[in-house]
Amino acid sequence: MNNVQLITIRSFILIIHCTLFIIHYSSAQNPKAQELYAQSIKLFGERKADEAIPYMEQAIKQDPNFTDAYLKLGQLYEFTKRYDPALAVYRNAIKLQPDSPASGSAYQSLSNTLLRLGRYGEALPYLEKYQTMFAPQSAQAKRIARQIETARFAQEAMQHPQAVEPKPLSSVLQTTPSQYFPVLTADEQTLVFTALKPEGDEDLMTATFNGETWSPPTSLASNINTPENEGTASLSADGRTIVFTACQGRKGFGSCDLYMSRKTGSDWSNPENLGPTINTRYYESQPALSADGRQLYFVSDRPGGKGRRDIWRSERNTTTGDWNEPVNLGEPVNTPFNEASPFIHPNGQSLFFASEGHVGMGGYDLFVADNGTSGWSAPTNLGYPINTSEDQASLFVSANGKRAYYSYEEQKDGVSQKSRLYTFDLPESLRERIKPVTYLKGVVTDAKTKKPLTASLEVIDLKTNQVVSRLQTDSQTGQYTAVLPSGGEYALYVSQPGYLFKSLSFDFTQKTKGDGMALTVLLEPALAGTSANETLNNLFFETGRYDLAEKSKTELDRLSAFLQANPTLKVEISGHTDDKGDAATNLALSQKRAQAVVTYLAKAGVEASRIRAVGYGKTRPLVPNTTDENRQLNRRIEWKLL
C-alpha cells in the first residue's frame, strides 16, 4: 500500500494475470496443441502456474508455429521469475514472423522484459524494429520512443556511474521481512522507517544512533501503529512532529489519508487527521514536511493534476495553524505519469522525488529539482547506480548534504527478496548543488534552578529581518533542535514570559558546510536587580565607530518589544571594548555605542527614564584579551535589569 516498489511489482503481476485470462485462441493447425494450450490456461486460472508451464511447452512441440503459445509461455515463465527462458521463447516467436505486425506482442514482451532486467543494449534493436510497425505520430509509436529514450539514457548513465558505494545501514534494524522509507532527525541520531511484518501489516518503527551503533528498532507508539497499515512518514528536524499515511482502520476521507502526531517527552499524541483541505476522497500519501513545519508536500491523484499521481504542496497558516488549499507543483516536476515519495531537504530548496514520467532507467527513478526565484528547475536524474532498472522508491538526504538514506530491494536470480535500508555518501556532483544546512540543538533551562523550560525559538535572517524558522522546546525536557541555513548571518532568539530573552548570533557567510552544534541556553528570570548581564549578540558597528549597522535593527526591535511588554522594568545598557588602543578613547567609544542603543530604544517608544547608557571601555573583559577571537567577545553591548 505505502511501498511504491511493492505496488509496482504487484501491478505487473496483475497485468500478466489479466492478460492470460483475456487471450484469444490463435489458429493453431494442430488440435492437440490447442487442447494443451487450453489446459495450460485453465491451470493458470487455478493459480497453478508451475503446473501450467509443461502443457504450454507441449503445445509448442505439437505445433512449432503456434505464435500465441510462445507468448503465453513467456508470460508464464515471467510470472514464475524464470526470465531467461521467457526471453528465449519471445525471441522464437519473433523468428516465426520477424516483419509481421502479428509479432508485435512478442516484440513488446521481449523489450519490456529486457528493460526491466537492465539489459538495455539487447532491448534497443527490438524496440527500433517494433517502432517501425506503427505510424510515426501514433500513441504506440510515442510509447516505444519513450522506451528507446530510456534505453539510450540508461546505457549512457551506466558508462558514467556516480561514485557511490551503498552499504546496508545496520543488520540490527532487520527485524522484519522488509524495511523502507527511512527518515531521520537533523542530527541523524533518530531514525523512523516503515516495516513490513510477516503478517503483511506495515508499522512505523524507530531506532536511535549513539555515534557508533544503532539500537534495535521498536514500535514508534502504540497509539500510532495499529493492526492495519501505517507508513511513509515524514519527521520534523527535531523528531517531535510526524506526519504519516494510513489507509485502513481509521475514520478518514478517502482511500489513504495523512495524519499528524506530536511528541512531548517520550509520549506521542493521538494522531489527528489533517482534515478535508489536505485529505479528500482520493488518494493522499507519502508526506514530506519542511524543516520549519510551514510546508507539506504529498502525493495525490485528486483532480487538477498533470497526470495520475502528482506531487502537491500546502502552506500552513502561521496565525491559525490551518493548512491552506494544496497547489499542484505542475511542470516541470509533475508529468502525465506517476510521481511519488517527495522529500524536501531542510534547505527548503532541493526536492527529491521518484517518478516514472521523467527520462530514467525504467520504472521509478529518483530525481532532484530546485526551487528558485523563477520556480522549479528541470528535474535531474540522480544517475546510476543510485537508479537502476529496478524501482527506486524514496531518498532522504542529511541536513549537511553529505549522506543519503534509502531502501533497496535485494535480488536473487532476478527475484525481489526483501527491502533493506541502505546509506551512501552523496557524490560530489550532487553535493555541489545541494545547499547544506546545519543545526543547533540543546536544552533551555532556568539559569537559577536549572529546570527545563517551555520556550519559543526564532531563527531570523539578519539581512532580510525575516523569520527563517519558529519552534518550541519540549515542554517536559526543554530540548530543542533548530535548523540554521548555511551561507548567511542569523540571529537566534530564545524567549519565555517571565525571563530575559537570549540572543545568539551565527555568521555562516564564510562557512558553507557546517556540522551541528550543541548549546544549553540558560534564561535569566526577569527580576529587577537580580538578573545577570545579557549580551546583545546581534548588534553591529564599524571598527572604531558607534553608528549602528542596519542589520542591528532585528536585535533592537526585539529589545524594544521586551521593554514595552514589561513597562515596570528599568535597564542599563553597557558598552565594552577590547584592550587595543588608548584607554580613554575606548571608554568614550563604549559610552557612545551604549548611548546609540538607548537613543534607538527611546525613538521606538521606550521611556528614556527607564534606560541608561554606561560605557566601561576595556575594564570588564569577559575573557582574557589574548586572541582575536577573545577580543571579539570582549567588544560587546550588554543589558541588565536595574
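1. Basis. The model is predicted: local features need pLDDT of at least 70, side-chain atom pairs count only at pLDDT 80 or more, and totals for chains, interfaces and linings use all residues. Residues are numbered from 1 along each chain as its sequence is written, and side-chain values use heavy atoms, with hydrogens and water left out.

2. Helix α5, span. Helices (H or I, at least four residues) and strands (E, at least two) are DSSP runs, numbered from the N terminus. α5 covers residues 83-96, 14 residues in total. From first C-alpha to last it reaches 21 Å, close to the 20 Å expected at 1.5 Å a residue. The expected span is 1.5 Å times one less than the number of residues.

3. Helix α5, faces. Buried means under 20% relative accessible area, exposed over 50%, partly exposed in between (1.4 Å probe, protein chains only). Y83, A86, L87, V89, Y90, A93 and I94 are buried in α5. Seen down the axis, these buried residues fall within an arc of 170 degrees, so they line one face of the helix. The arc is that of the directions from the helix axis to the C-beta atoms. An α-helix has 3.6 residues a turn, so residues three or four places apart point the same way. D84 and K95, on the other side of α5, are exposed.

4. Helix α5, cover. The cover over the buried residues of α5 includes α4 (67-79), α6 (104-116) and α7 (120-131). Contact here means heavy atoms within 4.5 Å.

5. Helix α7. This helix has 12 residues. Its first and last C-alpha are 16 Å apart, close to the 16 Å expected at 1.5 Å a residue. Buried in α7 are Y120, A123, L124, L127 and Y130. They cover an arc of only 140 degrees around the axis, which puts them on the same side of α7. The buried residues of α7 pack against α6 and α8 (139-159).

6. The sheet. An open sheet of 4 strands runs in the order β2-β3-β4-β5, with antiparallel pairing. β2 and β5 (218-219) are the edge strands, each pairing on one side only. Two strands pair if DSSP finds at least two bridges between them. β4 (residues 202-208) pairs with β5 over 2 bridges. M205 stands opposite S219 in β5.

7. In β2 (residues 178-184), 7 of the 7 residues are buried, so the strand is largely enclosed by the rest of the structure. β2 and β3 (residues 190-196) pair in the antiparallel sense over 5 bridges. S178 stands opposite L196 in β3. The hairpin has 5 residues between its strands, and E188 in the turn has a positive phi of about 60 degrees.

8. D187. This residue is in the loop between β2 and β3. D187 is buried, with a relative accessible area of 15%. Its side chain makes a polar contact of 2.6 Å with the side chain of T185. The D187 side chain also reaches the backbone nitrogen of Q189 at 3.0 Å. A polar contact is a pair of N or O atoms within 3.5 Å; within protein, one must be able to donate a hydrogen and the other to accept it, and residues adjacent in sequence count only if both atoms are side-chain atoms. Not counting residues up to four places away in sequence, D187 touches Y439 and K441.

9. The disulfide. A search of the whole structure finds 1 disulfide (a pair of cysteine sulfur atoms within 2.5 Å). C247 and C256 form it, with their sulfur atoms 1.8 Å apart. The link is right-handed, with 105 degrees about the S-S bond. Both C247 and C256 are buried.
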